[in-house]
Amino acid sequence: MDPNESKEAFGNGVETATQSVNQLTMKEHTTQDGGGVQVTCFSEVSNEVTLHFQIIRLQKQIYAWIGCSSAKFGHLYAAARTRPSNTVSVTSLIGGTSDNTGSGVARRLVLKTGLNIILACDLPKNSPMLEADAEKRLVQKLISLGYTKPQV
């Protein structure tokens, strides 16, 4: 193979890979049924790691799933405002005994949305930057979908 053909083949390979990544990051699926349930699924690439998201908007709560490189369920947290002090309480429903990845995300989502949150989180342990980036992208999507409460 001559050097020009090699460069062209490499360039085509890079272009194909870039298009595949762009398609992956832009693919989003949203459905809504007659009962007010809206489901949104999307994936994004962050620092060479693919993050997958699913958001299910119910009447007075949001279920969200964040996955990293697999479709595992991960730890499951429930977060809600508690009375009388109006603070946010979080509990681990599945997993999360020694690994609190996702519990802080669930707490902050309640504060940003004003809704009860059920969060399933399958992110690697001891990856605070990845967790922060996943939370940032999830919050951006919740804002774009209109699920956050107005800031006072």
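The mean pLDDT of the protein is 80, with 72% of its residues reaching 70 or more, and since the model is a predicted one, that confidence is a fitting place to begin. Over residues 20-26 the pLDDT falls below 50, and this stretch has seven contacts in the model beyond its near neighbours in sequence.

Turning to the aromatic side chains, the structure holds one aromatic pair. A pair of this kind is described by the distance of the ring centres and the angle of the planes. Here the partners are Phe 42 and Phe 53, whose centres lie 4.6 Å apart and whose planes meet at 10°, so the pair is stacked, planes under 30 degrees apart being counted in that class. Because Phe 42 belongs to strand S2 (residues 38-46) and Phe 53 to strand S3, the pair ties together parts that are eleven residues apart in sequence. Phe 42 and Phe 53 are both buried. The ring of Phe 42 also has a charge over it, for the charged end of Lys 141 sits 5.0 Å from the centre of that ring.

Strand S3, which spans residues 49-57, also contains Arg 57, and this arginine leads from the strand to several other parts of the chain. Arg 57 has a relative accessible area of 19% and is therefore buried, the limit for that term being under 20%. Its side chain reaches the backbone oxygen of Gln 59 at 3.0 Å. Arg 57 also lies over the face of Tyr 147, at 5.3 Å from the ring centre. When residues up to four places away in sequence are set aside, Arg 57 touches Gly 36, Val 37, Gln 38, Ile 62, Leu 115 and Tyr 147.

Leaving aside neighbours within four places in sequence, Ile 62 is in contact with Ile 55, Ile 56 and Arg 57, with Thr 113, Leu 115, Asn 116, Ile 117 and Ile 118, and with Leu 142 and Tyr 147. Ile 62 and Leu 119 are separated by 57 residues in sequence, while their C-alpha atoms are 8.2 Å apart in space.

Thr 113, among the contacts of Ile 62, is also one of the buried residues of helix H2 (residues 103-113), where Ser 103, Gly 104, Val 105, Ala 106, Leu 109 and Val 110 are buried as well. The elements that cover the buried residues of H2 include the strands S4 (61-68), S5 (75-82), S6 (87-94) and S7 (116-122), together with helix H3 (128-145). Just after H2, Gly 114 takes a positive phi of about 75°.

The cysteines remain to be considered: how many disulfides does a search of the whole structure find? The search finds zero. The sulfur of Cys 68 has its closest cysteine sulfur in Cys 121, 9.4 Å away, which is too far for a bond, given that a disulfide requires the two sulfur atoms to be within 2.5 Å. Cys 68 counts as buried at 12% relative accessibility, and Cys 121 counts as buried at 2%.

Technical notes. Residues are numbered from 1 along each chain as its sequence is written. Side-chain values use heavy atoms; hydrogens and water are left out. Helices (H or I, at least four residues) and strands (E, at least two) are DSSP runs, numbered from the N terminus. Buried means under 20% relative accessible area, exposed over 50%, partly exposed in between (1.4 Å probe, protein chains only). A polar contact is a pair of N or O atoms within 3.5 Å; within protein, one must be able to donate a hydrogen and the other to accept it, and residues adjacent in sequence count only if both atoms are side-chain atoms. Contact means heavy atoms within 4.5 Å. pLDDT is the predictor's confidence in each residue, from 0 to 100. Rings of Phe, Tyr and Trp (its six-membered ring) pair if their centres lie within 6.5 Å; planes under 30 degrees apart count as stacked, over 60 as edge-to-face and the rest as tilted. A charge sits over a ring if NZ of Lys or CZ of Arg is within 6 Å of the ring centre and within 35 degrees of the ring normal.
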